[in-house]
Amino acid sequence: MTMPIKQLASSPSRSGRHMQRYNQGFRQVVGCIPYRIRKTNKSSTLIVEDLEVLLISSQKSSKMMFPKGGWELDEDIELAALRETLEEAGVIGSVGEKLGEWIFKSKSQEKFHEGSMFSLLVTEELDVWPEKDVRQRVWMTVDEAREVCVHAWMKEALEAFICQFDEPLELCRTEELRLSISAQSSDEDVDSYLFSS
């Protein structure tokens with residue numbers, strides 16, 4: 001699957017909604033948490049400090065998020081996740097298990113979306129990709145990503161990702177995250193997060 005995906009790197013990003021999937025009126029979006037492992041200790045055990053995740057800027061601002069976009073009718077969900085990640089972040093890799101599904105309302109579009117997120121172990125970082133000129137990509141630690149990611153539902157996906165590594169419970173902070181999300185002021189420019197499954 002790498003070769004067809006890689007060919008998309010020199011193509012423009014898909015646009016328009018004519019091929020978009022909907023589920024009970026919710027636009028379906030899919031994305032990835034791209035990650036790489038940097039060995040910071042001599043132990044054979046992977047710890048959260050060994051992980052770096054890749055975030056991208058919004059097309060219209062410097063707000064940071066994970067790559068995601070519309071799931072279209074002519075592709076399966078994993079291919080859509082790979083395509084969106086290549087188009088927006090310029091990376092290719094191995095898609096992991098689905099981290100979950102979230103329903104959220106976009107403030108910019110005032111519509112509800114159903115978002116699915118996957119982990120993606122990055123195997124290649126491209127120099128040229130479709131949205132290179134409109135987005136910045138930044139590798140950062142998990143803690144940094146927790147701080148800068150603008151979307152509450154993506155922060156919860158990050159927690160689900162971390163919990164896959166069987167880390168101590170204090171790193172699987174889903175309940176703590178939900179409490180902090182509910183404490184956010186209503187005037188913040190973030191998506192309204194409803195629930196996850």
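In the predicted model, the side chain of Glu-114 makes a polar contact with that of Asn-23 at 3.1 Å (N or O atoms within 3.5 Å, one able to donate a hydrogen and the other to accept it; residues adjacent in sequence count only if both atoms are side-chain atoms). Glu-114 lies in strand S7, residues 112–125 (strands are DSSP E runs of at least two residues, helices H or I runs of at least four). Glu-114 is buried (under 20% relative accessible area, with exposed over 50% and partly exposed in between, 1.4 Å probe, protein chains only). Glu-114 has no salt bridge (a side-chain nitrogen of Lys or Arg within 4 Å of a carboxyl oxygen of Asp or Glu); the nearest side chain of opposite charge, Lys-98, is 6.8 Å away. Lys-98 instead forms a salt bridge with Glu-101 (2.5 Å, N to O).

The structure holds 12 salt bridges. One of them joins Glu-52 and Arg-38 at 3.3 Å, N to O. Glu-52 is buried at 14% relative accessible area, whereas Arg-38 is partly exposed at 32%. A further salt bridge, between Glu-84 and Arg-83, spans 2.9 Å; Glu-84 is buried at 6% relative accessibility and Arg-83 at 2%.

Both Glu-84 and Arg-83 are among the buried residues of helix H2. Because 11 of its 13 residues are buried, H2 is largely enclosed by the rest of the structure. Gly-90, with a positive phi near 70°, follows H2.

Residues are numbered from 1 along each chain as its sequence is written, and side-chain values use heavy atoms, without hydrogens and water. Local features of this predicted model need pLDDT of at least 70 and side-chain atom pairs 80 or more, while totals for chains, interfaces and linings use all residues.

Conventions: Lys and Arg count as positive and Asp and Glu as negative; His and the chain ends are not counted.
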